[in-house]
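Have the chain open beside you as you read.

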Amino acid sequence: MSKNKNNGSRFLPKSKGIDTATVYAPEECALKVKRIVLQPDNRQMIEEFVTILGMKDRFAEHDVPVPNKIVMFGPPGTGKTLTAFYMAQRLELPLIIVRLDAVINSFLGETASNVRKLFDYAKASPCVLFLDEFDAIARTRENNDEVKEMSRVVNTLLQCLDEFEGGSVLMAATNLEDQLDHAVWRRFDTRMTYRMPGEAEIMAYIRLMLDGFEHDAGIAGRAAELLRGVSFADMEQIFLKAKRKAIIGSAPLTYRTLEDAYREYQPRKQAAALDEKVLAGT
Ligand SMILES: Nc1ncnc2c1ncn2[C@@H]1O[C@H](COP(=O)(O)OP(=O)(O)O)[C@@H](O)[C@H]1O
Ligand SMILES: [Mg+2]
């Protein structure tokens, strides 16, 4: 197993005690989320979360703790990381992104203390602390010493989750729901599931991508058919490719261009999600 010690420049200064994190100011987060499409259920959860954090005093009066730990499950490219940006923007807090697999692989022997440093930092300075690749905590190790070390890391993490308080919000994301230890995931007060975009979400995203860009009439409907089963992340790449072609050709965006971009990009098709209303009707 590689123990990469070259962690590069994207990390916080050592003086902050964190060496595997990227920080974004709230204004940077706002730029990233200009074209976000949230599933209705997830949007509602986030709205409620933000509302509650704006009413902390009322909750204290009633002795009801406010939620501060969200875990997100779902396939790649469906908006988990983007939601962390969105949350930071809504709460006007800086976002700290940490890949848990990087924390673990860099210095296995120091992982527990690095995890603690991260949480200490979040305790001292209000932020959205986003732990990506959260399932890395659950991956089994073959080597016995590593098994011991990992169980120390898990214990530290559980303790940090239990003690997490103050003005920060913790978010964690994983593609592998079933990999997470029950003891870990039950510590989260809010769980959000992400799925591949359904018809309505594909259309909403297409409209956002077309907005403000000169395009042929009637492109949206055909694009929606073309992009069925494609993740948001792939749709984004296809649209960007198509827009580049349109700009080079000094032409409006046409369905033909989009189709060319699609063919060049070769997205991986997956089963598209059923729409809410379809689900409700069954
Ligand atoms: N729900 C969404 N709405 C708009 N854009 C999205 C959405 N999900 C993903 N994207 C775009 O796809 C790319 C990858 O998204 P990301 O949030 O990193 O996915 P995940 O964390 O679920 O793998 C980003 O550039 C993002 O802008
Ligand atoms: Mg992500």
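A salt bridge takes a side-chain nitrogen of Lys or Arg within 4 Å of a carboxyl oxygen of Asp or Glu. K243 sits in helix α11, residues 232-248. Leaving aside residues up to four places away in sequence, K243 touches R35, M209, F213 and L253, where contact means heavy atoms within 4.5 Å.

Some ground rules. This is a predicted model, where local features need pLDDT of at least 70 and side-chain atom pairs count only at pLDDT 80 or more, while totals for chains, interfaces and linings use all residues. Residues are numbered from 1 along each chain as its sequence is written, and side-chain values use heavy atoms, with hydrogens and water left out.

Zooming out, the chain has 13 helices and six strands; these are DSSP runs (helices H or I, at least four residues; strands E, at least two), numbered from the N terminus. Of its 282 residues, 49% count as buried. Among contacts with a separation of 6 or more, 79% come from residues 24 or more positions apart.

Now look at helix α2, residues 40-53. Its buried residues are N42, I46, F49, V50, I52 and L53. They cover an arc of only 160° around the axis, so they lie on the same side of α2; the arc is that of the directions from the helix axis to the C-beta atoms. The cover over these buried residues includes α3, β2, α4, β5 and β6.

Back to charges: the structure holds eight salt bridges. One of them joins the side chains of E47 and R90 at 2.7 Å, N to O. That pair links distant parts of the chain, with E47 in helix α2 and R90 in helix α4, 43 residues apart. E47 counts as partly exposed because its relative accessibility is 28%, and R90 is partly exposed too, at 29%.

R99 and D101 also meet in a salt bridge, at 2.6 Å, N to O. Here R99 is partly exposed at 38% relative accessibility, whereas D101 is buried at 13%.

Technical notes
Chains are lettered from A and ligands numbered from 1 in the order in which they are written. Buried means under 20% relative accessible area, exposed over 50%, partly exposed in between (1.4 Å probe, protein chains only).
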